[in-house]
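In these notebook entries I write down what I looked up in one structure, going from the whole chain to single residues.

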Amino acid sequence: MTILTVVLGPIVSQAADYWGRKYFLVIPTFVGGGVGSLAVSRARSMPVAILGFSIIGIGFGSQPLLHVVTSEVLPRRWRAWGQAADMASNAVGAAVGLYVGGALNRTNDPGAEGFRVYFLMNMAVYVVAAGLCWGVYNPPLRPLQRELSTRQKLARLDWGGYGFLAVGLVLFSVGLSYSKNPYEWRDPQVSATFAVRMLFVIGLVVYETWVKKDGMFHHGLFTGNRNFAVAMFCVFSEGVAFFAANTYFAFQVSVLYESDALLVGVRYSLMMIIAAVFACLTGWYCAATRRVKWATFVAFGLFIVFFICMAMTMRKSNTPTWGYTVFLGSALGMTLTTLVTVAQLSTPPELISVASGLIISIRSLGGTVGLAIYNALFHDVMKNLGNNVGSVVVPKGISLDDVEMFVTALEAQDQKTLGTIPGVTADIIKAGAIALQDTYVVAFRHVWIAGACFVALAALVSLLLFDPKKEFNMHIDAPVEKEEDLYSV
């Protein structure tokens with residue numbers, strides 16, 4: 001789904017300038033979210049479930065337009081408030097999803113049907129959202145909607161860039177997923193995939209630089225000032241950081257500290273609640289002071305604190321991890337509010353959709369790249385799990401031939417299978433569990449250290465931002481009302 005967000009975001013954002021925002025908000029939400037969720041809820045096999053999630057990914061393609069519409073219908077002075085509202089509503093929805101999902105799958109039983117109810121609920125939410133948007137959001141036609149024919153609109157889309165980006169991104173993700181899992185870097189499955197991927201990346205750079213100057217990397221975005229380029233780098237790093245936490249925080253909690261899926265979700269949901277609060281505070285600060293630079297720097301500093309704290313966690317760090325979510329939530333709420341705001345204020349009004357699509361796409365790209373890197377680092381440690389556990393339990397009486405079965409049962413907490421292994425005692429199970437958890441601690445630590453490195457660099461780069469105070473004015477770029485109605489007495 002993340003790859004689909006990266007690829008579809010620029011397409012939808014660019015097309016929305018030619019066909020209008022409304023259809024690209026309604027159709028992907030209804031078809032992608034509604035139909036995709038229904039498919040997942042009815043899935044009886046993994047291929048069908050994967051297909052359902054792929055369809056849901058189509059709905060994520062309209063994500064940039066949420067930031068576009070929120071900003072362009074408000075005075076520029078209030079844009080930070082608009083982005084804060086987006087972030088807060090997103091966080092509240094995520095928290096509710098965590099509570100419901102955890103409650104419906106609390107037993108962690110693979111045979112439970114709770115996920116079906118969850119995705120049926122998702123389907124209802126998507127359908128209602130699409131219906132509300134269809135009935136309530138009725139903006140006037142945009143100039144390019146009226147002036148261009150369908151053929152002209154299709155010709156203006158950046159088809160070559162979309163192709164280079166999609167293929168290059170997929171090959172990058174596949175190559176890194178193969179790394180250490182099970183192939184080495186020198187194996188052709190990894191090295192050849194990366195080599196072909198580099199060809200497409202070079203092709204994308206050449207194409208966007210010299211061939212398609214008004215495509216998804218529209219040159220007008222970079223000719224005004226440096227803020228947009230700096231914001232792109234920072235939001236890429238924020239995506240890398242967020243997806244580390246989004247994937248591995250709950251994973252670590254469930255492996256080391258908590259077996260109840262609902263309580264795992266509650267712990268992570270604290271981050272969402274804090275993010276909503278800090279997004280609103282940041283929106284107020286930016287609107288009141290017309291500044292974004294130092295809020296962004298402080299946000300990345302909070303990310304660094306979170307990653308350092310998580311890198312220092314051990315098997316018995318259960319209680320402190322509740323508090324670490326405060327650092328993560330505050331950082332997340334602040335960065336998305338400031339970076340989207342400054343990116344939009346630093347580009348021409350007619351390019352706000354393209355700019356927002358690129359920003360959200362780059363964030364998801366950061367997440368995709370980050371996840372691939374984290375998975376490689378994580379699996380590089382976890383490949384030693386069998387040896388680590390074996391070195392502890394074999395001297396205590398477990399046969400070397402039974403180590404693999406012992407580790408598998410231990411990971412699944414399958415007490416019945418553990419009881420059938422010759423020589424197993426409660427003391428051996430306890431020793432094996434400690435060795436297993438210690439291996440996970442090291443694997444998670446590598447992820448957190450990598451995340452800290454990305455955000456530390458982003459914190460330094462964010463100092464290159466400047467505060468666009470003059471752009472925080474009361475002009476409305478795309479009022480919902482007609483111009484004569486807006487200014488009539």
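**Entry 1: the whole protein.** I began with the secondary structure, which comes to 20 helices and 0 strands, where helices (H or I, at least four residues) and strands (E, at least two) are DSSP runs numbered from the N terminus. The radius of gyration, taken over C-alpha atoms, is 24 Å, close to the 23 Å that the globule rule gives for 489 residues, so the protein is as compact as a globular protein of that length; the rule is 2.2 Å times the number of residues to the power 0.38. I noted that this is a predicted model, in which local features need pLDDT of at least 70 and side-chain atom pairs count only at pLDDT 80 or more, while totals for chains, interfaces and linings use all residues. Residues are numbered from 1 along each chain as its sequence is written, and side-chain values use heavy atoms, with hydrogens and water left out.

Along the principal axes, the C-alpha atoms fill a box of roughly 85 × 45 × 45 Å. Of the 489 residues, 50% count as buried, meaning under 20% relative accessible area, with exposed over 50% and partly exposed in between (1.4 Å probe, protein chains only).

**Entry 2: two helices.** Two packed helices are described by the angle between their axes and the distance between the axes. At what angle do the axes of α12 and α14 cross? For α12 (residues 261–289) and α14 (residues 318–345), I found that the axes come within 6 Å and cross at roughly 35°; axes are lines fitted to C-alpha atoms, for helices over the stretch in contact, and angles run from 0 to 180 degrees between N-to-C directions. The residues of this contact divide into 14 nonpolar, 10 polar and 1 charged, where Ala, Val, Leu, Ile, Met, Phe, Trp, Tyr, Cys and Pro count as nonpolar, Asp, Glu, Lys and Arg as charged, and the others, Gly among them, as polar.

Entry 3: Arg290, in the loop between α12 and α13 (293–311), has a phi near 60°, and at 32% relative accessibility Arg290 counts as partly exposed. Gln413 lies in the loop between α17 (403–412) and α18 (415–420); its phi is about 55°, positive although Gln413 is not a glycine, and with a relative accessible area of 56% Gln413 is exposed.
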